Structure formats: C-alpha cells, structure tokens
Amino acid sequence: MTTTSPSELSEAYIALGANLGDREATLMQAISELQKHPEIEVLRCSNLYETDPVGYLDQPCFVNMAVAVRTSLDPEALLAFMLDIELRLGRERTIRFGPRTVDLDLLWAGGRVLDTPLLTLPHPRMMERAFVLIPLADIVPEGEPSGLFERIHNALDNLDGKEGVRFWKTCNWHSASALSES
C-alpha cells in the first residue's frame with residue numbers, strides 16, 4: 001500500500017452503513033478492522049441512525065454512522081483497505097443501492113480533491129444525503145480548517161429527507177474495545 005510520510009498524517013471521514021444481518025455488530029466489526037491497520041487510528045464515531053432506503057426501496061432499513069480516522073495512507077490505499085473490509089464482512093455487489101451487509105464510503109480525506117476512475121473526493125453525493133450528513137455532523141469539529149463543518153450544517157439546513165433518518169443509539173465502539181483490551 002502507498003503511504004505518505006508520518007509527518008503527513010491526515011484526518012479522513014468514512015460513512016458506514018448496513019441493512020442485512022446484525023447491522024450494529026457488522027458496523028462495529030468494520031470499525032475494529034479499520035483500527036487494526038497500523039496506519040489507521042479511529043478517532044471519533046458518530047451516533048447510529050436507522051435510515052430509510054434510498055434509490056432501491058424494496059429492502060430493509062439501514063443503520064448508518066460515520067467515523068473520523070487519522071491515517072498516513074493516501075486516499076486510494078485507504079479506499080482499497082475499506083473495500084477489502086467490505087469483502088471480508090460479506091459484501092456482495094448485486095443490486096445498485098441494494099441490500100448489503102456493510103458499505104464503507106470514503107467521504108473526505110484531508111481536504112484533498114481527487115477525480116480518478118476509482119475515487120472522487122470529496123464524495124460527490126455526500127452533501128445531498130441526509131443519511132450521510134447527519135452522522136457526519138456528529139464527528140466533524142466546529143472550526144475545522146477546511147470549512148467542512150459549515151458546509152455540512154448549511155447543506156443540512158437546506159436538505160429534504162431528514163425525516164428518513166432517525167437516531168437509533170449511541171455508538172459504543174470505544175467502550176467495547178477498551179473492555180476487550182483490558
């Protein structure tokens with residue numbers, strides 16, 4: 001995997017969702033897998049939100065959340081690792097926007113702007129999706145230098161569909177991982 005020098009650590013934001021199987025357990029496993037990588041540190045987790053499906057409607061509700069990570073991986077290497085996690089956790093890509101055991105989307109990486117065949121940053125549809133913005137608003141700090149905090153809150157003020165995103169529960173990832181390490 002391609003990395004940058006340790007002095008080039010950047011913060012990235014990842015959206016996670018699941019609507020098959022034990023949704024919460026799968027999301028917590030995905031976060032644990034991110035944390036296991038030697039060049040990724042999970043910093044913050046949003047609350048968990050139950051959300052109505054978007055696009056393909058004939059499927060169960062999702063549980064969505066977001067995490068902030070610190071990493072020295074370049075965005076493409078981070079994305080490759082995220083896709084590997086999806087595969088290991090049973091993700092099958094059969095129906096576009098269809099049911100899935102887990103979905104990890106790289107939303108933003110250190111303020112970088114990319115448009116390659118594999119990755120577009122910032123994520124091109126994140127400001128249009130309440131199921132992404134509401135969890136993201138939980139973890140992006142006010143005063144973040146790129147202005148992302150303000151853009152998220154401005155988008156939320158003008159976005160329809162927020163009623164399809166319901167608080168489900170507080171993320172217990174840090175407390176669960178701390179218990180298992182002692």
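Me: Happy to start with a charge and a ring. What makes Arg23 count as lying over the face of Trp168?

Reply: This is a predicted model, and in it Arg23 is 5.2 Å from the ring centre of Trp168. The cut-off for the distance is 6 Å, with a further limit of 35 degrees from the ring normal. Arg23 is therefore listed as lying over the face of Trp168.

Me: Which other charged end sits over the ring of Trp168?

Reply: That of Lys169, at 5.2 Å from the ring centre.

Me: Why is the pair of Tyr13 and Trp108 called tilted?

Reply: Look at the angle between the planes, which is 40 degrees. Under 30 degrees would count as stacked and over 60 as edge-to-face, so what remains is tilted. The centres are 5.2 Å apart, and the limit for a pair is 6.5 Å.

Me: What does this pair tie together?

Reply: Tyr13 lies in strand 1 and Trp108 in strand 5, so the pair links parts that are 95 residues apart in sequence.

Me: How do you know that Tyr13 and Trp108 are buried?

Reply: Tyr13 has a relative accessible area of 1%, and Trp108 has one of 6%.

Me: Which residues touch the most other members of the largest nonpolar core?

Reply: Leu34, Met65 and Val67, out of 32 residues in that core. Helix 1, helix 2 and strand 4 are among the elements that each supply at least two of its residues. Helix 2 gives the largest share, 6 residues.

Me: What does Val67 touch, leaving aside residues up to four places away in sequence?

Reply: Its contacts include Tyr13, Ile31, Leu34 and Ile139.

Me: Finally, how confident is the predictor, and where does pLDDT stay under 50?

Reply: The mean pLDDT is 89, and 91% of the residues reach 70 or more. Residues 1–7 are below 50, yet have 14 contacts beyond near neighbours in sequence. Residues 175–182 also stay under 50, with 0 contacts beyond four places in sequence.

Conventions:
Residues are numbered from 1 along each chain as its sequence is written. This is a predicted model: local features need pLDDT of at least 70, side-chain atom pairs count only at pLDDT 80 or more; totals for chains, interfaces and linings use all residues. Side-chain values use heavy atoms; hydrogens and water are left out. A nonpolar core is a set of buried Ala, Val, Leu, Ile, Met, Phe, Trp, Tyr and Cys residues joined through side-chain atoms within 4.5 Å. Buried means under 20% relative accessible area, exposed over 50%, partly exposed in between (1.4 Å probe, protein chains only). Helices (H or I, at least four residues) and strands (E, at least two) are DSSP runs, numbered from the N terminus. Contact means heavy atoms within 4.5 Å. Rings of Phe, Tyr and Trp (its six-membered ring) pair if their centres lie within 6.5 Å; planes under 30 degrees apart count as stacked, over 60 as edge-to-face and the rest as tilted. pLDDT is the predictor's confidence in each residue, from 0 to 100.
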